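Open the model in your viewer and keep the selection panel at hand.

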Protein chains: 2
Amino acid sequence: MPSSRFTIPFPAASTRVRIAREALAHLGRETRRTTGATRVALVTDTHVGPLYAAAACRALARAGIETHLVTVPAGERSKRIERLAGLWRRFDRAPITRADAVVALGGGVVGDLAGFAAATWLRGVPWVGVPTSLLAMVDSAIGGKTGIDLASGKNLVGAFHQPALVIVDPAVLATLPARHRRAGLAEVVKMGFACDAALFRFCERHAAALAAGRPAALAAAITRSLRVKTRVVTRDERDRGPRSALNFGHTLAHAYETARGYRGVLHGEAVAVGMCAAARLSVRIAGLDPGAWRRLERLLATLGLPRRLDRVRATALEHAMRHDKKRGTRDTRWVLTPRMGHASVPQPITTRLVRATLLDVGARI
Amino acid sequence: MPSSRFTIPFPAASTRVRIAREALAHLGRETRRTTGATRVALVTDTHVGPLYAAAACRALARAGIETHLVTVPAGERSKRIERLAGLWRRFDRAPITRADAVVALGGGVVGDLAGFAAATWLRGVPWVGVPTSLLAMVDSAIGGKTGIDLASGKNLVGAFHQPALVIVDPAVLATLPARHRRAGLAEVVKMGFACDAALFRFCERHAAALAAGRPAALAAAITRSLRVKTRVVTRDERDRGPRSALNFGHTLAHAYETARGYRGVLHGEAVAVGMCAAARLSVRIAGLDPGAWRRLERLLATLGLPRRLDRVRATALEHAMRHDKKRGTRDTRWVLTPRMGHASVPQPITTRLVRATLLDVGARI
């Protein structure tokens, strides 16, 4: 399996990325080399910790790094103020100084929480991402978005804080449940359909291998996705313009997750349905070739991803979107794709068109 | 009285500064012009709110800005997680979007708390500082350091987040207690002694007028201090080098405040004593002319500021410094001044020399 290294330049700091099987074994050496840290807080969760924390600690110890392990409960509910305050207290006791670092070993929740704790500890200490879910590997681990949820909404509080280093070890996907692996593929498809047609065609060509979780196919998909995401986020670190392309499918996805109370539907599954809705809307009003929309539906089907909403009313989705919209702009805005690989800036969509689109993808009346 | 405007360029964003009597009346127009906000959360405290919140709200309303007033208890104890979480909830209810802004009306505590809440709300919304204490006007309002305290230490959690606009209205100093006004002058003296000899000489020439709180002298001191601080922080936004000059006097000041439990001694008073200690140490080991040290002591005396520790043991100070030192570097480091207007990078000082210096400035054994 090929390994890959590259560096993502940002104005204030750059992120080194290393993608390789067994890269976890080099976590200590790479952390020492990139950050200079001799002491780290290793943040993980109750699912990932029992599987990989020991290996991570050994790798850190081999590089002469003193490790303080902090384990939070697995699941979105750990992205909350109390857990954040708990991490700060642990950093204080260690103590983690500006010469030290935070290592996030886990999926998106652990990365968002630990990254935000690192962003705010002593006004910012370096952090290292070790994503263990496919979704985190291809998407959330790079780009520097960190944060926590409030009771009233996800990711309301946070910071942009680029990790100094991201270690992607596809070998850890062996323990990722198949359903979570498929959900991660939804974000790969998203990056293809909204930002890079070549990546979309790669997914089409290797759909069966990706669906089956073949390591070589997954590793290639990860590397390609990270390169696409790198291109997008380096153009727009603070999410004021082109980076919004990465929200393709997410207007509906967030509303769907909220309406379902984050139960029974994974983020990637919600994104899959959200992309079908956004692509249909793009056919209706943005000139997208209907053939491109059908290819998207077909690919998602091959990957075992949902294309229709499950047990949710249109009114509940509309309510959730109205709440969500207040955060950024004052209208319900959707990222559309005039053609495959190209996304528009988020556009305000009339309530009538939104309703029609929701019904298209199976919302109950 | 002369008014002054300037813009501080930072890599990611710049800060507009307006210094003028009655500038508070232009808060709305300036906020609208700088941030485009049509809705703000106005954060103030129980001391300042009753005096100036109504005027601020009127000024904002005149510019067509909807204002959500949030009042926190006056005092350092408001720089805590619970207050921060309370601000986030208020921002959520308003709601404050990325197109809106946060206005901090108050002293250093309000600026640090509200600025940090703005830094982390939706990964960063614009904020406007309206400092009402002399200390905040000359020092903490610009430079972008924001944050809160933990039970174990001050400013452990925070972010660098430059205000978009700072409105300095010296007229509000009329209601500042004389003791607080004098304490603010300590930071002006600090900027002179450590960074700019001309500012120090200005303070010497106008010491009587400054001590008496004459408006023209204070306004001139504010403008000069802000220009010096601007020069320092634009060279080193993230506090990795030259900005440490601004910590002259602060190694002992922080320990003194901690040892006294933040009771009975104002930050500026602690800085005054801390500068005397650092200047003595500079005479001993950094080649500072003893005449410069004596001028510092004389100026502080004329300004009515303390030069000796009050009721604190050397061991308590040493304990506090050992705790503080863990945050940044692993040694007790002091900023020294080889000559007036020039500071060294923080230098490790032996425990023996630290003890001698503490006794010099009146620590009990």
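Two residues are in contact here if their C-beta atoms, placed from the backbone, lie within 7 Å. This is a predicted model, in which local features need pLDDT of at least 70 and side-chain atom pairs count only at pLDDT 80 or more, while totals for chains, interfaces and linings use all residues. Residues are numbered from 1 along each chain as its sequence is written, and chains are lettered from A and ligands numbered from 1 in the order in which they are written.

**Stop 1: two helices of chain B**

Select residues 250–259 of chain B, helix H10, and residues 267–285 of chain B, helix H11. Helices (H or I, at least four residues) and strands (E, at least two) are DSSP runs, numbered from the N terminus. Now show His250(B), Thr251(B), Leu252(B), Ala253(B), Tyr256(B) and Glu257(B) in H10(B); they meet His267(B), Ala270(B), Val271(B), Val273(B), Gly274(B) and Ala277(B) in H11(B).

**Stop 2: where the chains meet**

Show both chains. How many residues of chain B are in contact with chain A? There are 27, and they touch 28 residues of chain A. On the chain B side, select helix H3 (81–93), helix H4 (108–120), strand E7 (145–150), strand E8 (153–160) and helix H13 (314–328), each of which supplies at least two residues. Of the interface residues of chain B, 100% are also interface residues in chain A, so the copies meet through the same surface.

**Stop 3: the relation of the chains**

Superpose chain B on chain A: a rotation of 180° with 0.0 Å of shift along its axis does this, with RMSD 0.0 Å (least squares on the C-alpha atoms of residues with pLDDT of at least 70 in both). That is the relation of a two-fold axis.

Conventions
Axes are lines fitted to C-alpha atoms, for helices over the stretch in contact, and angles run from 0 to 180 degrees between N-to-C directions.
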